[in-house]
Structure formats: C-alpha cells, structure tokens
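Open your viewer and keep the selection tool at hand. We will go from stop to stop, and at each one I will tell you what to select and what is there.

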Amino acid sequence: MSLDKETVARIARLARLKVPEEELAPLAGELSGIFAWIEQLNEVDTNNVEPMSSVSDVTLPMRADKVTDGGIAAKVLANAPDGAVYIDPSDRNAGGFFTVPKVVE
Amino acid sequence: MAALTDLTIAQLSAALAKKEASAVEVADAHLAKLDEHRALNAFITETPDKAREMAKASDARRAKGEAGLLEGVPLAIKDLFCTEGVQTTAASKILEGFVPQYESTVTANLWKSGAVMVGKTNLDEFAMGSSNMTSHFGGVENPWKRKGDNRKLVPGGSSGGSAAAVAAYMVPGSTGTDTGGSIRQPAAFCGIVGLKPTYGRCSRWGVVAFASSLDQPGPFARTVEDTALLLQAMSGHDPKDSTSAPLPVPDFAAAARNPDIRGMKVGIPKEYRVDGTSEEIVALWSKGMEMLKAAGADPVEVSLPHTKYALPAYYIVAPAECSSNLARYDGVRFGLRVPGKDLTELYENTRGAGFGKETRRRILIGTYVLSAGYYDAYYTKAQQIRALIARDFKQAFEKCDVLLTPTAPTAAFAAGEQMDDPVAMYLNDMFTIPASMAGLPGISVPAGLDKDGLPLGLQLIGRSFDEETLLRAAAAMEKAADFSARAAGY
C-alpha cells in the first residue's frame, strides 16, 4: 500500500491536523513504509476468527443512572484556554462557558 | 547506616518504622538527588514543596500510629497521571500548563498508603515512543553509559524519566504506564525492575489515555519486593474505570518474598528467537533459563505461532485508539489554543502546533485505518490477529506457568541511533508487545551486563491476574542473577 501526498492531506483534514505542504511528501513516504510493513498481516488466515476488541473477560458492569457529582463548574472551566466566561463572577460554580471563534455568519 | 537514598523501599520503611529517620529527612535526601542529577532531565515538574508537606503529614500519621503500606516513601510519578493542582503535560506542548482539578485513582491510592510525591517524570509525548526522544520537554539521559564511551544513551520509553530516576537513585520507586512495553523496556535499559500488571489490575482513571484497550499503569523499583509493594498499593477495583477488574488485591509482597519455584514450569517460546536480537541477549536468555532450572523450575519449549504479527497488528490497534483518544485536544476546553479564522481552522492550527512529529504520525495512521473503506482491511483484521495472539498464549499456559523471554532486542542505544526509520524504532518493542496485545502481566528483571557494561533485562510473562506466580519467578530470577551493578557516578 503506497500513500500519495493527496491522501496524506485528506487524512490530515479528517484528523483536523494542520500539516505544512512541505511535510506532506516526506510523511507520505514514511507512512507508505509503515503500511508496507503492516501488509504482512495478510499472510494470516483470519477467516472465522472473532475480532477481539477487549482483553477483559468480565462483562462490563452496569451502574445506576444517577447524578454522582455536580456544582463544580469552576473546576470544569479552570483550564479554559482563553479563560472562561462566568455567568456570575462572584459565584464561579453557578456556571459559565468556553469561548470559540464565531461559527455562524 | 547507608545513605537514605541507597535504601530500597522495604529498607526505608523499616528505617522509618524504627525512627532512624523521619519522612521529612527521607524526602530531603531524595530531593537533594533531584538537584544533583537534574541534567538527566528525568523530571518535567519537581514538587519539593509538596513533597515536604506530604512528608510532614506522613510523620504526623506515623506519630499517631496510622502508618500505611508506603508511609513516608518518596516516589516519582510519570507525567501521564493527573495530579490535582500539579501540572500534567503528557510531555506534550498541547497540554503544557494544564493543571488537573482531580487526582488519578492510582496516585490517590499511593497517597492513601502514605507515599510522598517528589515530582512528575518525563516521558515520550503521550507515551508514544521507545526512547523518550519524542518528549516536548527534551529527551532523558540514561544514567548508564557504555564503558569508555561518553555518548549519552536513551533510557528507553515511554516511561524513560521514571526509569532513569530510579536507576539514578533519585527515588526508590516510581510509576509508569505500559501500552506496548513502556515500563518493561525502559526498566531493561536502566537496569531496574519494571512490571506491567494484567490489564484491569490498576485503574486507568485519571491517566492520560493513549490506547485504551492496552494502557496499563504499573511500578518501577530496584528490587522485585519493592515492585510488589508498589503494585499492592496501586491496584484495586475502581468503579470509575469500567475495565477495572472487580477482584481483591492479593498480598503481592508476600509472593515476592517467596522465591521458591521448585516444580514451576517455565515456557520458552521458540518464536522469540528472532534475527536482529543481540547475541549477548540470546546468551543471557539461555543463562536465565539455566538459573531458573537450578532453582528447581522445569523448562518447557512452547510455541506462540503469531508472535511476529503482534507488532504490525499493534501498529494498527494502538494508533487507531490514539487517533480517537487524542480527538479531545481541540483547543476549546483545556490545553493549547492557536487561533484560526473559524472553528475548523482553530482545531487544525492547535493540533498542528501542539502535537509533535511522532504523535502526528500516529494520529494519521489511526485516522487512515479507521477511515471509510479501510476499517475492515486494517482494524478488523488487526483485532482478529489480536484474538489469535491471545489464543496462542492461552494454549501455551496449558503447558507452563510463566514464560521467559528477553525484554528488548538490544541494550540502551545512543540518542540519534535508530531514529531515522520509524519501523526500526518500533521493533524495540517486539518482545513486549505480544503480552500487551493479550492483556497479560509481564515483568522485566535486570539479569546481567553486556560487553559494554550496559544492563540487560529478561522478561517473565504470567497468566492473566496471576501476578503472584510472576513475582515468585521474578524473585527467583533476581536472587540467581544477583544483579548489583550501579551506573557509574550514581
């Protein structure tokens, strides 16, 4: 499997990852090398083999659907990149929000 | 009495119990070592004030007769564990300055047992790497050097800072995480003990996620007994991690104190004899088997036919999970933000600037193998191979109790060697990844030195949730190998 520059650019867009134009060709080379190495998996007959998504034998437990915490808006917003906006600056646990660039015209 | 920093965890606990030293004195002695060896770059964040405060509280608890299992023991924590109020970076620019508002379960368990944090250790970015060279905060230097060669060597990875800190006697123990070998390989490179528990033994809650079906926290120490003590404190069921096993925690330390392996069947998987492994490591592996045999174990040759496919299958599964897990770093709620003209550009700019080269590479691999039209050919196929690998181990464990293999194909290499070709770098984990894919516990024990004077490790792999047998075998190996070498100058 060989990946070209355009494919790398397309995956980068899907991953929301800005890759500078000059890095696309070297990356295509590296990724092609990795996928060429991965190709050896095709030697293995996996017909009728159930895919293994988890190594745990245990059935995932269910829990009661109830609120277990809350009132910690200040903690939730503590690491907001450009600072959070609080509804009531004198009571940060009253709530607030993160800011992002305008998404609607 | 020996210097406090030369003591093992078990010896420190005894000295503290006998009031030969206070927890504050123990913390200060180790903090002085952090100062002395700062050039190794083993730590991203040192927490001396917190350490002294925790040590003081520990002394107070001991005075009241409330000493825990690790009361007053100073530990270093891989900077992948969220620590409340202390910066947690995953060695990534995208998380620089992130201060968690909560404590990971594993570290909370350690503090509950009385341990003292001296700092957060360096690692490969998001635990992706085998050399510690992908850290945004620079590589870590291995305390060990080749005889007559002053070049800096890597400590292995991804838990390189945690391993180097223990090997340099800055701390008697530390935490790591192991996704494909990130505890066992650096333990081997640094001449210490490192244990990856069974998947589900230690809670992943509050540990920055890389590949959720593989990630597992575990301990580093200089002895098998110390490793067992740390594991005992770290383990336990946690309702906040749905994959955490609802099992009681056995007395791991007791298992480690019992190196009686008479009659134990030790499997030697023939597929681990692969080209590219150093001859010295192959010889050490045979010697390791002889040592266990002399201690009363029976060697059994076993076959794990899908061994060679574990590594390429891992490089589908792990990047796929990484690309999903790392989608959360979008510049909106925490971490780095690089502005853009609209929201999509903000995401792209933030992630492009915040992730390093190896992380970007793995996100791209993961996104590709999960993309429409390729999912079955790659991801489903890799999961089917994972099932076959797990089946191989299950069949092997019908004939033996533990497996003995090398930990890594080479000793520690120099920074810059093996860096050009990603596949060559990935091959470092060829002996550790199969057990990771099957979720099995594994431990690396230092077993000898190579001709350059560098430490080499042997790996033991155990049955699921049978760390006790694993620790017994490891203790027997430790006793027979009698590894007492120290890195010169440390």
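How many salt bridges does the structure hold over all chains? The total is 30. Keep in mind as you look around that this is a predicted model.

**Stop 1: where the chains meet**

Colour chain A and chain B separately and turn to the place where they touch. Here 51 residues of chain A are in contact with 62 residues of chain B. The size of an interface is often given as the accessible area lost when the parts come together. For chain A and chain B that buried area is about 5000 Å², with 69% of it on carbon and sulfur atoms.

Now show the charged side chains across the interface. Six salt bridges link chain A and chain B. For one of them, select A:Asp82 and B:Arg337: their side chains form a salt bridge with N and O 3.1 Å apart.

Next, highlight helices α1 (5-14) and α2 (21-38) of chain A, each of which supplies at least two residues of the side that touches chain B. Which element gives the most to that side of chain A? It is α2(A), with nine residues. Colour this side of chain A by residue class and you will find 30 nonpolar, nine polar and 12 charged residues.

**Stop 2: two helices of chain A**

Stay with α1(A) and α2(A), and look at how they pack on each other. Two packed helices are described by the angle between their axes and the distance between the axes. For α1(A) and α2(A), the angle is about 105° and the axes are 8 Å apart. The two helices are therefore roughly perpendicular.

Select A:Lys5, A:Val8 and A:Ala9 on α1(A); they meet residues of α2(A) including A:Glu21, A:Leu24 and A:Leu31.

**Stop 3: a helix pair in chain B**

Move to chain B and select α9 (residues 279-294) together with α16 (residues 467-481). These helices pack at about 105°, their axes 9 Å apart, so α9(B) and α16(B) are roughly perpendicular. Show B:Gly288, B:Met291 and B:Leu292 in α9(B), which meet residues of α16(B), among them B:Ala473, B:Met477 and B:Ala481. The contact of α9(B) with α16(B) has seven nonpolar residues, one polar and no charged ones.

**Stop 4: a salt bridge within a helix**

Select B:Lys33 and B:Glu36. They form a salt bridge, and their closest N and O atoms are 3.7 Å apart. How far apart are B:Glu36 and B:Lys33 along helix α2 (residues 23-36) of chain B? They are three residues apart, so about one helical turn separates them.

**Stop 5: backbone details in two loops**

Most residues other than glycine have a negative phi, and most peptide bonds are trans. With that in mind, zoom in on B:Gly157 and B:Ser158, which are joined by a cis peptide bond with omega about 10°. B:Ser158 is in the loop between β3 (116-121) and α5 (160-167) of chain B.

Finally, return to chain A and select A:Asn48, in the loop between α2 and α3 (73-77). A:Asn48 is not a glycine, yet its phi is positive, at about 65°.

Terms used:
Residues numbered from 1 in each chain as written. Chains lettered and ligands numbered in written order. Predicted model: local features only at pLDDT ≥ 70, side-chain atom pairs only at ≥ 80, totals over all residues. Heavy atoms only, no water. Contact = heavy atoms within 4.5 Å. Buried area = accessible area lost by both parts, 1.4 Å probe. Salt bridge = Lys/Arg side-chain N within 4 Å of Asp/Glu carboxyl O. Helix = DSSP H or I, 4+ residues; strand = E, 2+ residues; numbered from the N terminus. Nonpolar A, V, L, I, M, F, W, Y, C, P; charged D, E, K, R; others polar. Axes fitted to C-alpha atoms, helices over the stretch in contact; angles between N-to-C directions. Parallel < 35°, antiparallel > 145°, perpendicular 65-115°, else oblique.
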